[in-house]
Amino acid sequence: MSASYDITKDKWERFTFERKGRVLTAFITSSHPVNGVDEAMHTELALVFNCLQRDTQSDLIILSGKGRAFCAGGDFDWFEEQIAHPERFRAIGWDAKQIVVTLLQMEKPILCRMNGAAAGLGATLALLCDVIIADETAKIGDPHVKVGLVAGDGGALIWPQLIGFAKAKELLMTGDLLDAKEAQRLGLINYAVPAAELDAKVDEIAGKILANPKWAVRWTKTTANIPLRALAAQLMDASIGWESVSNYLHDRREAVTAFKEKRAPKLTGE
């Protein structure tokens, strides 16, 4: 690899990029109306944070979503494929770990511009960023349990660290969503602002960070993330393993079917 690398020169199916000086915005971009995660997006999420770190023309990253959502979690068509072919779910375990690990390993500061709903893996992506600025009308939550899955792809890792175990376990076990103002009150995110002020607030925080010496910022972030990286090393194999097991269960299939049919699930405990 040459000393110079430009991420925008690579071909990406589920990301688009915009530069503004030394700031690079990575937009989650999907044909799904709420940026649902499909196999192509999941694959690229396992690669993109390493590439953003290597991009030589940027010093600060903004992660956002195109359209009306940030990232609303797993796409239900993909869920049905995983249920019908469990080996496909098992096969994404490595990538699932890489998404969390590479995001936490980034030295560059990364801000989340949460322009809309962030759920499931989408919420994990937002919360693993360094500063989260949200549209005050946005919702955030981890409803893995509502579709019969263990919250194994980072939710069980990051939520307790931000808001404490009692509240985090309540939200992870109910699958409830929070509005951005409540998320800010709990300390889950940094700012909830009107949509018209979202870009200005993101630019303000980015400007404050970039006004400081680059390496002092990067290595301060790196040091602060050491406990999270250690926790990820402890938890992710087990959490992805339990999530994979839950994909085999009857109630997983029923939860997804009921959601698509817009009815209450008939759960059996199996």
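# Exercises on a predicted model

Thr102 touches Ala46, Phe49 and Asn50, leaving out residues up to four places away in sequence. The structure is a predicted model.

## Exercise 1: Thr102

Task: Find where Thr102 sits, and decide whether Thr102 is buried or exposed.

Solution. 
1. Start with the element. Thr102 belongs to helix H4.
2. Check accessibility. The relative accessible area of Thr102 is 3%. Buried means under 20%, so Thr102 is buried.
3. A polar atom of the Thr102 side chain lies 2.5 Å from the backbone oxygen of Gln98.
4. Take a distance across the structure. From Thr102 to Leu178 is 27 Å, C-alpha to C-alpha. In sequence, these two residues are 76 residues apart.

## Exercise 2: Asp251

Task: Asp251 is buried. Which side chain of opposite charge is nearest to Asp251, and how far away is that side chain?

Solution. 
1. Asp251 is in helix H12, residues 250-261.
2. Find the charge partner. The nearest side chain of opposite charge is Arg263, 9.9 Å away.
3. Apply the cut-off. A salt bridge needs a side-chain nitrogen of Lys or Arg within 4 Å of a carboxyl oxygen of Asp or Glu. Asp251 has no salt bridge.
4. Look for a polar atom instead. The backbone nitrogen of Thr268 is 2.9 Å from a polar atom of the Asp251 side chain.
5. List the contacts. Beyond its neighbours within four places in sequence, Asp251 meets Leu267, Thr268, Gly269 and Glu270.

## Exercise 3: Salt bridges

Task: How many salt bridges does a search of the whole structure find? Work through three of them: Arg22 with Asp59, Lys97 with Asp237, and Lys201 with Glu204.

Solution. 
1. Begin with the idea. Side chains of opposite charge can pair when their charged atoms come close.
2. The search finds 22 salt bridges.
3. Take Arg22 and Asp59. Their side chains meet at 3.0 Å, N to O. This pair links distant parts of the chain, 37 residues apart. Arg22 is in the loop between strands E1 and E2. Asp59 is in the loop between helix H1 and strand E3.
4. Arg22 is partly exposed at 37% relative accessible area, whereas Asp59 is buried at 14%.
5. Take Lys97 and Asp237. Here the N to O distance is 2.7 Å. Lys97 is in helix H4 and Asp237 in helix H11, 140 residues apart.
6. Take Lys201 and Glu204. Their closest N and O atoms are 3.3 Å apart. Both residues are in helix H9. They are three residues apart, so about one helical turn separates them.
7. Lys201 is buried at 17%; Glu204 is partly exposed at 35%.
8. Finish with a network. Shared partners in salt bridges join Arg22, Asp59, Lys214 and Arg218.

## Exercise 4: The largest pocket

Task: What is the volume of the largest pocket, and which helix gives the most to its lining?

Solution. 
1. State the volume. The largest pocket has about 680 Å³.
2. Turn to the lining. There are 40 lining residues. Closest to the centre are Ala72, Gly73, Gly74, Phe79 and Val147.
3. Name the elements. H2, H4, E6, H11 and H12 each supply at least two lining residues.
4. Pick the main contributor. H2 gives the most, with four residues.
5. Connect the exercises. H4 holds Thr102, and H12 holds Asp251.

Note on methods
Residues are numbered from 1 along each chain as its sequence is written. This is a predicted model: local features need pLDDT of at least 70, side-chain atom pairs count only at pLDDT 80 or more; totals for chains, interfaces and linings use all residues. Side-chain values use heavy atoms; hydrogens and water are left out. Buried means under 20% relative accessible area, exposed over 50%, partly exposed in between (1.4 Å probe, protein chains only). Lys and Arg count as positive and Asp and Glu as negative; His and the chain ends are not counted. A polar contact is a pair of N or O atoms within 3.5 Å; within protein, one must be able to donate a hydrogen and the other to accept it, and residues adjacent in sequence count only if both atoms are side-chain atoms. Contact means heavy atoms within 4.5 Å. On a 1 Å grid over the protein atoms alone, a cavity is a set of points where a 1.4 Å probe fits but cannot get out, and a pocket is an open set with protein on both sides within 12 Å along at least five of seven lines; lining residues have an atom within 4 Å of a point. Grid points are joined across faces, edges and corners, and a volume is the space filled by probe spheres set on the points.
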